[in-house]
Amino acid sequence: MLNDHIYPTLKPMWDQIVSLPFVHAESIGMFFDARIQQDTQQDLQRLMAQANKDYMPSEAICKYGTMLRSLAATEEKSKRVPLAMAKRSRDRQTKLVNHAGSHGPDLDFETRRNQFQTTYCDPNSDNNELKELCAASKDKKRWNRDINYTKTVDEPLTLELDFTKQDLTNTEEDVIALGKNLYANEIFKGPGSTILQNANIDRNLLDLRAVIAKRSVAEHSYNSILALKAEGTENSYSMDYLKELMLELGMKESEIDYYLGAKKTNGKPSYYAQMEILTRKIHQDPAFITNLYDTPTNVERQQAIMKSFELMQQRDLFDSLARSEMLLSVLLEMKIMEHQSEVQNRIGQAVATPRN
């Protein structure tokens with residue numbers, strides 16, 4: 001019985017018992033593989049959903065991007081305005097050739113008087129006393145623009161200023177006339193023969209240039225304001241988008257052209273006008289509030305963009321404070337000069353007095 005039936009069956013039974021754990025291990029491994037695969041697919045799907053959520057296009061970010069296209073080019077172009085205005089003022093005061101001031105203050109005054117009479121004279125001023133003097137002044141829009149800073153510079157967001165062109169525009173002529181009335185209203189007379197024969201001619205010329213330099217520091221603030229409001233580049237892509245935003249705020253197209261100065265400059269808003277829209281008006285649009293109901297990532301991107309505008313404004317404010325500091329330093333120097341001469345005279349007298 002044992003030899004014929006039991007012993008022959010023990011061997012296959014033992015083989016099956018030995019191989020069974022390997023079969024169980026393979027089944028358990030398949031379960032592990034399935035679990036790892038499911039977890040991996042779940043992680044990939046989660047990351048894919050997160051990516052679709054984070055990189056979903058945002059209308060608010062697109063607005064910022066399209067309105068910023070010409071801001072840097074406009075700012076770079078505006079830097080030419082202070083250079084041109086400063087050179088014109090310096091050439092006028094130093095009596096450079098082909099300037100009205102090259103023949104002295106009398107001709108300069110006469111030229112400005114004729115310009116006032118034909119362009120800026122308001123016949124209604126002084127109870128109509130200037131009616132006969134202002135007979136040649138016909139354009140009412142330009143009356144008093146040579147003395148009215150608010151009307152000429154402060155009110156418009158964009159000024160038609162581009163000194164790279166040969167012919168002057170009416171706006172360029174207006175700001176130059178206003179600058180002549182504000183700074184260096186009276187230029188110096190030419191040096192006479194007595195001064196030229198003086199041994200201290202070099203010192204006198206240096207004092208003259210020092211006065212011109214002090215005036216240029218004060219005039220630089222005026223020129224910098226003109227630079228901020230100078231017209232933008234030829235290919236200013238921002239104007240159409242700025243108009244669309246202002247239309248959403250309820251303004252009419254004619255009002256927008258007047259507000260941004262787009263009609264005179266052929267749709268080339270200034271750095272000042274673009275910053276006015278990007279830092280103030282765009283946040284008054286109700287769509288700005290609704291766009292905040294967006295993904296957290298897009299909201300953080302909007303915060304980063306607004307922070308960049310804040311940094312730009314702080315830089316402009318820093319430049320303004322630096323100009324104020326220069327003005328204060330010049331005023332302080334002029335106050336010190338009054339006492340400097342007195343101190344130098346005392347030192348000179350002390351040196352010249354012989355000691356006992």
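**Close-up views of a predicted model**

**View 1. Cys121 is a buried residue, with a relative accessibility of 0%.** This model is predicted. The cut-off for a buried residue is under 20% relative accessible area. Cys134, the partner of Cys121 in a disulfide, has a value of 2%, so Cys134 is buried as well.

**View 2. One disulfide is present in the structure.** Its two residues are Cys121 and Cys134. Their sulfur atoms are 1.5 Å apart. Where do Cys121 and Cys134 lie? Cys121 is in the loop between helix H5 (105–120) and helix H6 (125–128). Cys134 is in the loop between H6 and helix H7 (149–154).

**View 3. Lys87 and Asp91 pair within helix H4.** The two residues form a salt bridge. Their closest N and O atoms are 2.8 Å apart. Helix H4 spans residues 80–93. Along H4, Lys87 and Asp91 are four residues apart, which is about one turn of the helix. Which of these residues is buried, and which is partly exposed? Asp91 has 9% relative accessibility, so Asp91 counts as buried. Lys87 has 42%, so Lys87 counts as partly exposed.

**View 4. Asp108 and Arg112 form a salt bridge.** The closest N and O atoms of this pair are 3.6 Å apart. Both residues sit in helix H5. They are four residues apart, so about one helical turn separates them. Are Asp108 and Arg112 buried or exposed? Both are buried.

**View 5. Helix H16 holds the pair Lys307 and Glu310.** A salt bridge joins their side chains, at 3.5 Å from N to O. Helix H16 runs over residues 296–352. Lys307 and Glu310 are three residues apart, about one turn of this helix. Glu310 has 34% relative accessibility, so Glu310 is classed as partly exposed. Lys307 is also partly exposed, at 43%.

**View 6. Salt bridges link four residues in a network.** Which residues belong to the network? They are Lys77, Asp162, Glu231 and Lys268. Across the whole structure, a search finds 15 salt bridges. Why can such side chains pair? Opposite charges can pair when the charged atoms come close.

**View 7. A nonpolar patch lies on the surface.** Its residues are Met1, Leu2, Ile6, Tyr7, Leu10, Met13, Trp14, Ile17, Val18 and Phe22. How much accessible area do they have together? The total is about 1,100 Å². Trp14 is one of these residues. Trp14 belongs to helix H1, which covers residues 2–54. The relative accessible area of Trp14 is 54%, so Trp14 is exposed.

**View 8. Leu245 is buried, at 2% relative accessible area.** The residue is part of helix H11, residues 238–248. Which residues does Leu245 contact, apart from neighbours within four places in sequence? Its contacts are Met67, Ile277, Lys281, Ile282 and Asp285. Lys281 is 36 residues away from Leu245 along the chain. The C-alpha atoms of Leu245 and Lys281 are separated by 8.3 Å.

Note on methods. Residues are numbered from 1 along each chain as its sequence is written. This is a predicted model: local features need pLDDT of at least 70, side-chain atom pairs count only at pLDDT 80 or more; totals for chains, interfaces and linings use all residues. Side-chain values use heavy atoms; hydrogens and water are left out. A disulfide is a pair of cysteine sulfur atoms within 2.5 Å. Helices (H or I, at least four residues) and strands (E, at least two) are DSSP runs, numbered from the N terminus. Buried means under 20% relative accessible area, exposed over 50%, partly exposed in between (1.4 Å probe, protein chains only). Patches are made of residues with over 30% relative accessible area and no salt bridge: like charges are joined within 9 Å, nonpolar side chains (Val, Leu, Ile, Met, Phe, Trp, Tyr) within 5 Å. Accessible areas come from the Shrake-Rupley method with a 1.4 Å probe; for residues, only the protein chains shown count as cover. Contact means heavy atoms within 4.5 Å.
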